[in-house]
Amino acid sequence: MNAAFIAMWVAIGLTCVGQLLMKAANMPGRKSYPLGGLLHPLMVLGLGTMFGVTLLASYALGHVSLGTFTAWNAANYPLTVLGAAVVFREHVSVRAILGVMCVCVGILLFSL
Amino acid sequence: MSADRHTPWGAYGLIALSVLSQSAGAALFKVGSEQARERLSEEWWAIIWTWLNPYFIGGLACLGVQTIAWMLVLRRLPLSRAYPFMACVLPVNLLIAVLYFSEQMSWNHLVGMILIGGGVVLVASAESEPVKEVS
């Protein structure tokens with residue numbers, strides 16, 4: 001399997017993980033951390049993860065076309081919404097699911 | 001401010017700031033990259049100049065604003081409700097590309113933009129957990 005595709009898929013998964021970490025750092029009732037919460041360990045980890053995503057995406061984009069990358073990247077949205085529903089028990093309504101599907105189809109069209 | 005069920009307009013304002021600062025950052029990085037490319041044939045110091053380029057510094061500042069704005073959004077809205085809004089970066093980037101960089105907009109871009117906008121409106125209007133406005 002192509003290493004660039006693996007880097008792209010890992011980047012997509014890590015984007016979801018990074019967003020979940022940042023959300024966990026900003027949950028109600030959190031402890032106070034310096035710089036308005038920017039130095040919360042989970043926030044630092046989340047931002048570090050997003051930096052890793054940037055590096056992986058830069059590598060992947062050197063070998064995969066932007067259109068293919070953007071199309072696959074649309075998977076971020078349902079994955080993150082699903083992650084939030086599972087990890088934080090957030091309520092996701094049918095309308096929200098339809099909205100996410102619309103966004104994904106829109107991104108796929110964008111990348112054609 | 002107490003927890004309530006009203007629409008958190010402040011959070012939507014922060015999402016708009018987050019989207020706009022990310023798009024502005026991308027545009028500034030593009031201008032900076034184009035200037036840097038013109039100088040790549042020059043001496044080694046041109047590489048250092050690239051990182052001192054005001055457009056790159058402006059782009060980094062925009063990403064800083066985006067990070068802080070997004071952090072504040074996450075305090076106010078559930079992730080499942082806030083994250084789909086970040087797809088608005090694509091149409092905003094396209095508008096900047098068309099208006100500022102004179103790039104072409106195709107039909108699939110236009111239809112994609114409408115679908116992304118429609119999807120974001122659906123997510124925004126969806127019933128969700130009560131949200132807390134943080135003072």
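In this predicted model, 36 residues of chain A are in contact (heavy atoms within 4.5 Å) with 34 residues of chain B.

**The interface between chains A and B**
- Together the two chains bury about 3000 Å², with 71% of it on carbon and sulfur atoms; buried area is the accessible area (1.4 Å probe) that two parts lose on being put together, summed over both.
- On the side of chain A that touches chain B, the elements giving two or more residues are helix H1 (3–25), helix H2 (41–61), helix H4 (76–87) and helix H5 (94–110) of chain A.
- H5(A) gives the most to that side, with twelve residues.
- By type, the residues on this side of chain A are 20 nonpolar, twelve polar and four charged; Ala, Val, Leu, Ile, Met, Phe, Trp, Tyr, Cys and Pro count as nonpolar, Asp, Glu, Lys and Arg as charged, and the others, Gly among them, as polar.

**Polar and charged pairs across it**
- Eight residue pairs, both at pLDDT 80 or more, are in polar contact across the interface; this is a pair of N or O atoms within 3.5 Å, where within protein one must be able to donate a hydrogen and the other to accept it, and residues adjacent in sequence count only if both atoms are side-chain atoms.
- The number of salt bridges (a side-chain nitrogen of Lys or Arg within 4 Å of a carboxyl oxygen of Asp or Glu) between chain A and chain B is zero.

**A nonpolar patch on chain B**
- Leu95(B), Leu99(B), Tyr100(B), Met105(B), Trp107(B), Leu110(B) and Ile114(B) make up a nonpolar surface patch with about 820 Å² of accessible area together.
- Patch members have over 30% relative accessible area and no salt bridge, with nonpolar side chains (Val, Leu, Ile, Met, Phe, Trp, Tyr) joined within 5 Å and like charges within 9 Å; accessible areas come from the Shrake-Rupley method with a 1.4 Å probe, and for residues only the protein chains shown count as cover.
- Helix H5 (89–99) and helix H6 (107–125) of chain B each give two or more residues to the patch.
- H6(B) gives the most, with three residues, and Trp107(B) lies in this helix.

**The fold of chain A**
- Chain A has five helices and zero strands; helices (H or I, at least four residues) and strands (E, at least two) are DSSP runs, numbered from the N terminus.

**Conventions**
- Residues are numbered from 1 along each chain as its sequence is written, while chains are lettered from A and ligands numbered from 1 in the order in which they are written.
- Local features need pLDDT of at least 70, side-chain atom pairs count only at pLDDT 80 or more, and totals for chains, interfaces and linings use all residues; side-chain values use heavy atoms, with hydrogens and water left out.
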